[in-house]
Amino acid sequence: MTEITSAIPQEQNMARLIIKRFFKHRLAGFAIATIVLLILFSAFAFLSPYEATQQEPTNSFQKPDAQHWFGTDELGRDIFTRILYGGRVSLTVGLFSTFLSIALGVVVGSLSGYFGGWLDSILMRITDAFLTFPTIFVLIILGAFLREQPIPWLKNSVLVVIIIIATLSWTWPARLVRGLFLVLREREFVSASRAMGGSDLRIITLHILPNCIGPILVSGTLQMASAIITESGLSYLGFGVQPPTPTWGSILSTAQTHVFRAPWLAVYPGFMIFITVMAINYIGDGLRDAFDPYVIHTGK
Amino acid sequence: MKIKILTVLVVLGLFLSACGGAKATEPAVATEAASDGGGTVTLIIPEEPALLNYFASDAAIVRQAAEATSMTGLVTIDEKGEFVPMLAAELPTAENGGLSSDYLTVTWKLKPGLMWSDGKPITSDDIKFTWEVLSNPKSGALVGTTGFDQITSVETPDDTTAVLSYSSPYPGYLDQFAYGLFPRHAAGKPEDMANWEWNRKPVGAGPFILSGWESGQSLTFARNPNYFEKGKPYLDTLVFRIVPEPAAQTAMMLQGEAQVHLWPGEVKAQYDELMKGKATQVLVPGIWNTAIDFNLSAPFDGDPGPTPPHPILGDLRVRQAIAHAIDYDALVNDVLEGSVSPSTNPFAYGWYQCDLPHPFPYDVAKANQLLDEAGWVMGADGIRVAKGAMYAPDGMRLSMELQGYTSFEPIQRTEEFIVENLKAVGVEAKIQNYDFSIIFGTYEDNSPRAIGDYDMLIFDRGFTTEPQGYVAQAYSSTAMPSPTNPTGGNYFRWSNPAVDDALKTAGSEFDLQVRKDAYCKIAEQVNTDLPQVYLYVFQDGYGFADNLTGYTVSTWGSMSWGAQNWEYKK
């Protein structure tokens with residue numbers, strides 16, 4: 001009598017399964033490495049022989065050479081060093097504002113989608129209100145408010161920038177999560193859990209939310225890209241990081257005036273933003289593949 | 001198969017429409033090469049003027065476009081800074097009796113047969129109307145009103161004569177009508193000037209009439225057939241294209257899509273090399289004088305008045321030290337590559353130019369010594385800390401905010417350079433730039449300089465050939481902004497009786513030498529009390545295509561000044 005030797009499927013740790021599936025997507029693995037590299041470069045920016053604000057006006061607009069790997073800018077500052085330090089602000093703002101935005105969005109969306117009824121109506125109307133405000137006006141009013149506070153440098157802190165960007169963008173994950181919850185709360189595992197006496201909080205966090213992680217993460221990666229760009233636009237209205245502190249976006253916008261004469265001023269920060277955004281997008285791809293149970297993983 | 005063909009057709013259609021669309025937005029360029037004139041000239045401006053009424057705005061961009069249509073007045077100021085009659089038959093002077101011997105009556109005579117752009121005649125009643133508008137405190141006029149309150153009455157004995165009676169002699173009587181006249185029949189009520197429809201569609205005496213305004217895109221002007229100089233303007237159309245990005249502006253000039261470029265971002269050497277054969281940049285000494293303003297009163301305390309004094313800047317020695325810390329030569333020659341000329345006091349050009357040396361030249365050692373004397377000791381992080389300072393509590397860091405306006409890269413570069421200069425002597429300056437509308441906003445808008453919420457402020461200001469209006473508002477001790485005087489311009493909260501006396505002299509004497517001496521006395525006081533430190537004067541740069549001729553650049557003009565004389569050969 002032949003034994004049925006089919007192995008009993010090993011109980012795999014869900015997390016490990018997801019991570020394994022993620023790295024099957026080779027570009028995603030490469031993208032994670034890129035982001036980690038960027039973060040390391042920015043963190044160790046102080047190893048550069050130059051300071052971010054060290055000027056040498058007689059040596060301005062130098063082409064990239066051995067002394068200045070990326071050349072010098074309009075005040076003779078080393079662009080490579082400024083890009084390294086600039087990464088600190090850009091990456092910090094990008095990451096944290098996205099986290100905050102998603103956190104807010106998930107809370108609002110999940111409550112709204114799960115409970116429905118009047119709570120849903122109120123929360124969605126608030127969301128709609130945020131969506132219809134023209135961004136510029138919100139920023140102007142906020143700017144006027146912050147300027148009136150007795151702490152003059154409040155508006156410069158990176159924290160304020162993070163909060164502002166999160167405030168402008170939390171509505172997208174909110175709507176997304178609400179939609180997902182509306183579908184998922186009708187599923188059998190929810191009814192089963194309820195029948196077993198599961199509390200609402202338990203159902204939301206332990207049962208439904210994990211199923212939403214895929215789309216939430218993808219949305220988050222897209223938002224991070226736009227957050228990096230928005231950060232440089234905010235300084236126009238007096239928010240956020242002021243010169244001479246470098247950020248990729250501000251170096252890029254100063255470079256505009258000189259683009260015919262010194263194109264390398266624009267190429268390098270633009271390139272950094274580009275690879276950051278691309279890396280994040282590929283991570284998003286990988287995450288989607290990893291979390292989606294319906295994708296066929298062909299062990300590429 | 002069907003879907004494939006459909007896809008190809010759709011893509012082809014999109015492609016063609018994109019090309020077609022691009023062509024449609026190109027300005028119609030004149031095809032005639034005849035020297036009889038005609039043609040369309042495209043001018044590039046970096047931002048959109050909110051309106052075309054020069055008096056209703058203090059944004060420099062308004063004049064750039066308005067000068068083509070609504071700013072032709074009784075006289076104009078030529079490139080030598082002299083008054084030249086335009087709508088007036090001649091300049092009223094003491095010699096021809098236009099100016100009475102007691103200086104209290106001015107008689108203007110219009111040229112015969114003048115017409116507004118809508119064909120109605122220009123009469124002396126329009127001169128009277130202009131006075132009614134600009135002397136009305138509720139009109140909303142932000143510039144050009146100086147001295148109109150000294151005109152007590154305007155008589156119009158006939159259609160071409162206006163007799164103005166002044167309550168006290170006003171030396172700037174010619175300048176008052178150099179920036180345009182208002183038509184009584186086509187404008188509105190004097191007290192409502194800020195809201196006139198005329199502001200967006202002027203009826204003027206200028207060489208061109210507004211024919212189209214696409215907000216965010218362009219303003220188009222057509223030839224004024226009723227322009228008073230026969231045969232002019234030579235051109236058919238002017239198109240002002242609004243292009244905020246400097247690189248896009250330069251690209252347009254390179255491709256010949258535009259012929260006039262306002263304030264190119266590149267310095268002249270680079271620009272000419274880039275545009276060889278197509279265009280050149282013409283530099284003319286400008287009027288925009290850049291200085292750092294100090295707030296002599298305590299900021300951010302909810303009180304716009306002059307007391308209490310600023311904890312750091314209240315001490316004259318600190319201000320002197322800051323003045324000593326700036327490397328003026330490197331700023332002009334290296335940072336700004338010679339695109340500006342050095343300036344040492346408020347009166348850096350024109351008939352009132354005062355030749356004064358830098359009161360506190362670049363001297364880092366002296367700056368450090370002064371700060372030590374003033375009770376600021378060097379801290380561990382390279383920034384000084386108060387210890388026995390005049391107004392600051394012990395332990396306060398020598399850290400201040402340097403405000404400026406955004407979207408003008410040379411100012412930003414200047415700020416960054418100054419921050420480094422100050423860091424070298426232990427002064428921390430944190431740049432805080434705001435949009436134009438905030439820096440130059442009103443008291444009611446809580447503009448920082450109006451309500452006294454700033455430490456140091458850097459910006460450039462320009463005088464016309466008649467500086468009295470601006471200077472009185474900036475330096476008079478009665479002109480500090482406050483709830484009862486929201487339009488006051490003494491942002492530094494500076495009070496100096498010698499200056500008040502000199503202002504009175506300059507505002508009432510007719511002898512230019514006497515006035516100039518008074519202004520130079522004010523300049524000396526500015527350089528002694530140091531409410532401001534002057535840096536440089538911007539040169540006005542205009543890019544002109546080589547096939548555009550007949551233009552004159554003037555320190556006192558704008559990009560479209562003299563457009564009636566332009567000729568264009570495609």
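1. Basis of the model. The model is predicted, so that local features need pLDDT of at least 70 and side-chain atom pairs count only at pLDDT 80 or more, while totals for chains, interfaces and linings use all residues. Residues are numbered from 1 along each chain as its sequence is written, and chains are lettered from A and ligands numbered from 1 in the order in which they are written.

2. Confidence in chain A. The pLDDT (the predictor's confidence in each residue, from 0 to 100) averages 83 over chain A, and 89% of the residues score at least 70. Within chain A, helix α7 (residues 171-184) has the highest mean, 92, and helix α5 (residues 135-148) the lowest, 73. Helices here are DSSP runs of H or I with at least four residues, strands are runs of E with at least two, and both are numbered from the N terminus.

3. Helices α3 and α7 of chain A. The axes of α3(A) (residues 79-115) and α7(A) come within 7 Å and cross at roughly 35 degrees; axes are lines fitted to C-alpha atoms, for helices over the stretch in contact, and angles run from 0 to 180 degrees between N-to-C directions. This crossing of α3(A) and α7(A) is right-handed, a crossing being right-handed if the near helix is turned clockwise from the far one by less than a right angle, and left-handed if anticlockwise. Residues in contact (C-beta atoms, placed from the backbone, within 7 Å) include Gly105(A), Gly109(A) and Gly113(A) in α3(A) and Ala174(A), Gly179(A) and Phe181(A) in α7(A). By class, the residues of this contact are twelve nonpolar, seven polar and two charged, where Ala, Val, Leu, Ile, Met, Phe, Trp, Tyr, Cys and Pro count as nonpolar, Asp, Glu, Lys and Arg as charged, and the others, Gly among them, as polar.

4. Helices α6 and α9 of chain A. Helix α6(A) (residues 158-169) packs with helix α9(A) (residues 200-234) at an angle of about 125 degrees, the axes being 10 Å apart. The two helices are therefore oblique to each other, given that angles under 35 degrees count as roughly parallel, over 145 as roughly antiparallel, 65 to 115 as roughly perpendicular and the rest as oblique. Val161(A), Ile164(A), Ile165(A) and Ser169(A) of α6(A) make the contact with Gln223(A), Ala227(A), Thr230(A), Glu231(A) and Leu234(A) of α9(A), a set of five nonpolar, three polar and one charged.

5. A sheet in chain B. Three strands of chain B form an open antiparallel sheet in the order β4-β6-β5, where strands pair if DSSP finds at least two bridges between them. Strands β4 (105-109) and β5 of chain B stand at the edges with a single partner strand each, so one side of each is left without a neighbour in the sheet. Strand β5(B) (residues 151-158) is joined to β6(B) (residues 161-166) by five bridges, and the pair forms a hairpin with two residues between the strands. Asp158(B) has Thr161(B) as its bridge partner. Strands β4(B) and β6(B) pair over five bridges, with Trp108(B) opposite Ala162(B). Helix α3(B) (residues 124-134) packs on the sheet, touching β4, β5 and β6 of chain B, and its direction makes about 170 degrees with that of β5(B).

6. Contact between the chains. Chain B contributes 31 residues and chain A 25 residues. On the side of chain B that touches chain A, α9(B) gives the most, with eight residues, and the classes on that side are twelve nonpolar, eight polar and eleven charged.

Notes
Two residues are in contact if their C-beta atoms, placed from the backbone, lie within 7 Å.
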